[in-house]
Amino acid sequence: MTSYQSNPETLESESTSTDELINEIIEETNDINYVEIIENVIDTLEQDDSAMVSQPSEGGYRWKFKYGTVEVYVQLTGRTDEDTLTVWSAVLKLPAKDEPKLMRQLLEMNASSTFESRFAFIENQVVVLATRTLADLSAGEASRLITIVATIADNNDEILQSEFGVA
């Protein structure tokens, strides 16, 4: 019968190579290319070759594309965990008719049908908005945020404009 004994030098080098492999896998996982992910999602959603990208002077990236009857904006502030992915689309200009009723309807929709997005106000407009830090953000989550904002905005812009259009 053969007995096997561990060679301490072999065990140490195997442990080191395993640790190096784990660190390499972690680094590869952390190196998600958000710019590529965003551009791939936009390519699947945009219509009429409407997609445009810019790099603002403050850094990061900003995209704009047409989806149905709305324009969707995507902003990536950088590539660190503290940076953010923000997606928004305007659905109604303010002031609007019967604003108290509009506010109530938007709050109700925020509670029941906007998923990770929400209705908000930016520069005298009602927008559909979603924002998330990049920490632990997966490619699927980034894709979902963009898709949700585009879909909810396109599904609601004409309805809100017809009911609450310019006062």
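The following paragraphs lead through the fold of one protein chain, from its overall layout to single residues.

The model is predicted; local features are described only where pLDDT is at least 70 and side-chain atom pairs only at pLDDT 80 or more, while totals for chains, interfaces and linings use all residues. Residues are numbered from 1 along each chain as its sequence is written, and side-chain values use heavy atoms, with hydrogens and water left out.

The chain has four helices and six strands. Here helices (H or I, at least four residues) and strands (E, at least two) are DSSP runs, numbered from the N terminus. Read from that end, the elements follow the order α-α-β-β-β-β-α-β-β-α. Of the 167 residues in the chain, 35% are buried; buried means under 20% relative accessible area, exposed over 50%, and partly exposed in between, with a 1.4 Å probe and protein chains only. Among contacts (heavy atoms within 4.5 Å) between residues at least 6 apart in sequence, 59% join residues at least 24 apart.

The six strands form an open sheet with the order 1-2-3-4-6-5 and antiparallel pairing. Strand 1 (52-54) and strand 5 (118-121) stand at the edges with a single partner strand each, so one side of each has no neighbour in the sheet. From one strand to the next, the twist averages 25°. Strands of a sheet pair through backbone hydrogen bonds; two strands count as paired here if DSSP finds at least two bridges between them.

Strand 1 and strand 2 are joined by three bridges in the antiparallel sense, and Ser 54 stands opposite Arg 62 in strand 2. The hairpin of these two strands has six residues between them, and Gly 59 takes a positive phi near 105° there. Strand 2 is also joined to strand 3, by seven bridges and again antiparallel; Lys 64 has Tyr 73 in strand 3 as its bridge partner. Two residues separate the strands in this second hairpin, where Gly 68 in the turn has a positive phi of about 60°.

In a regular strand the side chains alternate between the two faces of the sheet. Strand 2 has a covered face of Tyr 61, Trp 63, Phe 65 and Tyr 67, and an uncovered one of Arg 62, Lys 64 and Lys 66.

Helix 3 lies across strand 4, strand 5 and strand 6, and runs at about 145° to strand 5. Helix 4 lies across strand 2, strand 3, strand 4, strand 5 and strand 6, at about 10° to strand 4. For these angles, axes are lines fitted to C-alpha atoms, for helices over the stretch in contact, and values run from 0 to 180 degrees between N-to-C directions.

The largest nonpolar core has 40 residues, and Val 74, Leu 85, Leu 102 and Phe 119 have the most contacts inside it. Such a core is a set of buried Ala, Val, Leu, Ile, Met, Phe, Trp, Tyr and Cys residues joined through side-chain atoms within 4.5 Å. Helix 4 supplies the largest share of this core, 10 residues. Leaving aside neighbours within four places in sequence, Leu 102 is in contact with Leu 92, Leu 94, Ala 96, Val 126, Leu 160 and Phe 164. Two of these residues, Leu 92 and Val 126, are also bridge partners, and nine bridges join the antiparallel strand 4 and strand 6.

Between strand 4 and helix 3 lies Pro 95, and the peptide bond from Leu 94 to Pro 95 is cis, with omega near 5°. Asp 98 is in the loop between strand 4 and helix 3; its phi is near 50°, a positive value in a residue other than glycine. Asp 98 counts as partly exposed, at 45% relative accessibility. Glu 123, in the loop between strand 5 and strand 6, also has a positive phi, of about 45°, although it is not a glycine. With 74% relative accessibility, Glu 123 is exposed.

Leu 134 lies in the loop between strand 6 and helix 4 and is buried, with a relative accessible area of 1%. Not counting residues up to four places away in sequence, Leu 134 touches several residues, including Tyr 34, Leu 76, Thr 80 and Leu 85. Thr 80 is 54 residues from Leu 134 in sequence, yet their C-alpha atoms are 6.8 Å apart.
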